[in-house]
Amino acid sequence: MSIRRRTAILLAVVMLAALLLVLLQRGASEKGLKAAFDAEFLTRPDGYMGLSELYGFEFSRDPMQMDPGLMYKAVADGAVDVIDGFATDGRIAAYDLLVLQDDKGFFPPYYAAPLVRAEILKKNPEIESVLNRLAGRISNDEMRDLNYRVDEKGEKAAKLAREFLVQEGLIDENGEPRTRSGQSIRIGGKQFTEQEVLGEIMASLIEYNTDLQVVRKLNLGGTMICFTALKAGDLDLYPEYTGTGLVNILKEEVLKDPQEVFEKVRREFMEQYSLVWLEPLGFNNTYTLTMRKKQARELGIRTISDLAKHLRRK
Amino acid sequence: MTTLIAFFDKLGPEMLQRTYEHVYLTFLAVVIATAIALPLGVFLARSSWTRFTNVVMGAAGIIQTVPSLALIAFIVLLFALIALPTLGAFPALVALVLYGLLPILRNTYTGIRQVDPSVLDVATGMGMTPHQVLFQVELPLSLPVIMAGIRISTVWTIGVATLCGLIGAGGLGDLIIKGLRSIQMDYLIAGTVPAGLLAILFDTILAWLERWLSPVTLSEASGEASA
């Protein structure tokens with residue numbers, strides 16, 4: 001066979017294969033609601049797998065996996081129809097999205113609280129009282145507003161955190177960070193805006209009220225990365241959510257009473273990992289299923305059960 | 001054995017789906033990159049317009065210096081500005097094609113340039129047209145170098161395509177990100193092993209294609225004759 005003929009055969013085969021791939025892909029993108037969830041939601045027991053099982057639904061096309069920062073824009077622009085929004089994300093209101101009601105009570109409460117190594121508290125007991133000044137200080141609306149200002153207004157988390165502390169009267173407007181003792185404390189955080197804001201708030205509070213030097217390790221890859229690092233002593237504290245501790249880390253059954261969840265994780269984390277939950281900050285950042293308001297209204301969907309019913313009809 | 005069964009039970013279907021998406025992204029990206037870079041490389045090698053050549057090679061080189069993650073983020077931002085889809089396979093493909101261009105372009109250019117000028121003189125002296133010189137002398141003689149470029153580009157693209165999971169394009173990166181977010185070894189293995197196998201498979205196929213497309217050399221020909 002001549003080289004020329006071989007080349008022609010090769011070109012034909014490559015073109016055919018490319019065409020086949022494109023056609024196959026086309027065939028896969030059928031009609032129906034499209035979902036996009038972040039990787040953590042897709043792997044967690046309190047995430048998609050458990051949720052779809054309880055409510056009994058599935059999407060005609062497997063949910064797309066997407067970075068949590070991109071989901072809100074994607075659903076607002078209509079690239080997808082359903083996302084796993086975080087309840088305190090400011091973009092839910094800003095983009096006119098609707099949080100579907102969790103009518104079967106799948107999600108536990110997710111109250112944010114500082115999670116600290118017991119060893120660090122023993123060495124620096126002042127941290128506990130300093131951080132507990134934040135107890136109950138941040139409501140859902142306030143957290144949403146803080147997130148919104150970073151995500152949409154482009155404000156810096158560090159500056160915002162100091163403004164918040166001044167406004168709450170937790171640090172003096174003209175105050176300066178205290179002189180450093182040379183001892184340091186490492187604060188971690190997961191890779192999304194709220195965790196960065198909370199990390200900065202806790203960091204500034206410690207810097208203005210103790211002699212400790214703060215090392216910021218914000219924007220770590222996710223819950224298990226933070227938790228593993230904390231357990232291993234590579235971090236000293238990070239903000240965690242009670243429901244995440246209960247279901248994702250302890251692998252316990254969902255409880256609904258916020259106080260009960262808090263008591264449970266406080267007890268178990270101390271016993272199993274020597275980690276201490278300080279007082280919750282006040283807001284509940286639960287997972288949600290979130291859609292465009294307009295589309296939800298057109299389809300008559302208000303609860304996750306409505307969504308399940310709609311998906312089953314197809 | 002039971003762990004293996006449990007592994008495939010949990011992740012088998014998703015592994016298949018993600019591998020398919022990965023092949024889809026990689027294959028199309030390399031085909032498109034080759035379709036652009038190969039003719040361009042030939043044109044640049046044969047043109048005497050040095051400044052243009054330098055600009056094109058420089059541009060391709062600069063794209064390569066952008067970290068792959070940043071290139072994907074950059075495409076997303078750019079597409080958002082000009083109202084093209086910022087999610088899914090399309091932006092991912094554009095990023096992969098841009099990233100895959102340079103090795104093919106550079107190797108095609110170098111391959112054609114390194115053909116012995118005396119061979120070209122002989123070809124022209126025999127009365128070959130420029131078209132014949134290109135297809136019967138230059139391209140066959142530079143084939144190994146060009147194919148090496150395509151092979152490098154393919155292996156790179158398979159690696160970079162694991163980042164496309166971040167923008168909803170699917171692929172084996174989805175499994176790797178899941179493994180990282182949840183610190184679960186089985187997800188990491190389910191994403192990494194197929195990616196490695198794909199790289200080996202594609203490279204082997206390309207090596208075989210290279211031999212299949214090479215002109216029969218004198219030694220092989222005489223070997224065949226004596227057999």
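**Exercise 1.** How many residue pairs are in polar contact across the interface of chain B and chain A?

*Solution.* The model is predicted, so that local features need pLDDT of at least 70 and side-chain atom pairs count only at pLDDT 80 or more, while totals for chains, interfaces and linings use all residues. Residues are numbered from 1 along each chain as its sequence is written, chains are lettered from A in the order in which they are written, and side-chain values use heavy atoms, with hydrogens and water left out.

The rule for a polar contact takes a pair of N or O atoms within 3.5 Å, where within protein one must be able to donate a hydrogen and the other to accept it, and where residues adjacent in sequence count only if both atoms are side-chain atoms. Across the interface of chain B and chain A this rule finds seven residue pairs, both residues being at pLDDT 80 or more.

**Exercise 2.** Identify the salt bridge between the two chains.

*Solution.* A salt bridge requires a side-chain nitrogen of Lys or Arg within 4 Å of a carboxyl oxygen of Asp or Glu. The count between chain B and chain A is one, and Asp67(A) forms a salt bridge with Arg181(B), their closest N and O atoms lying 3.5 Å apart.

**Exercise 3.** Describe the extent of the interface by contacts.

*Solution.* Taking contact as heavy atoms within 4.5 Å, one finds 27 residues of chain B in contact with 33 residues of chain A.
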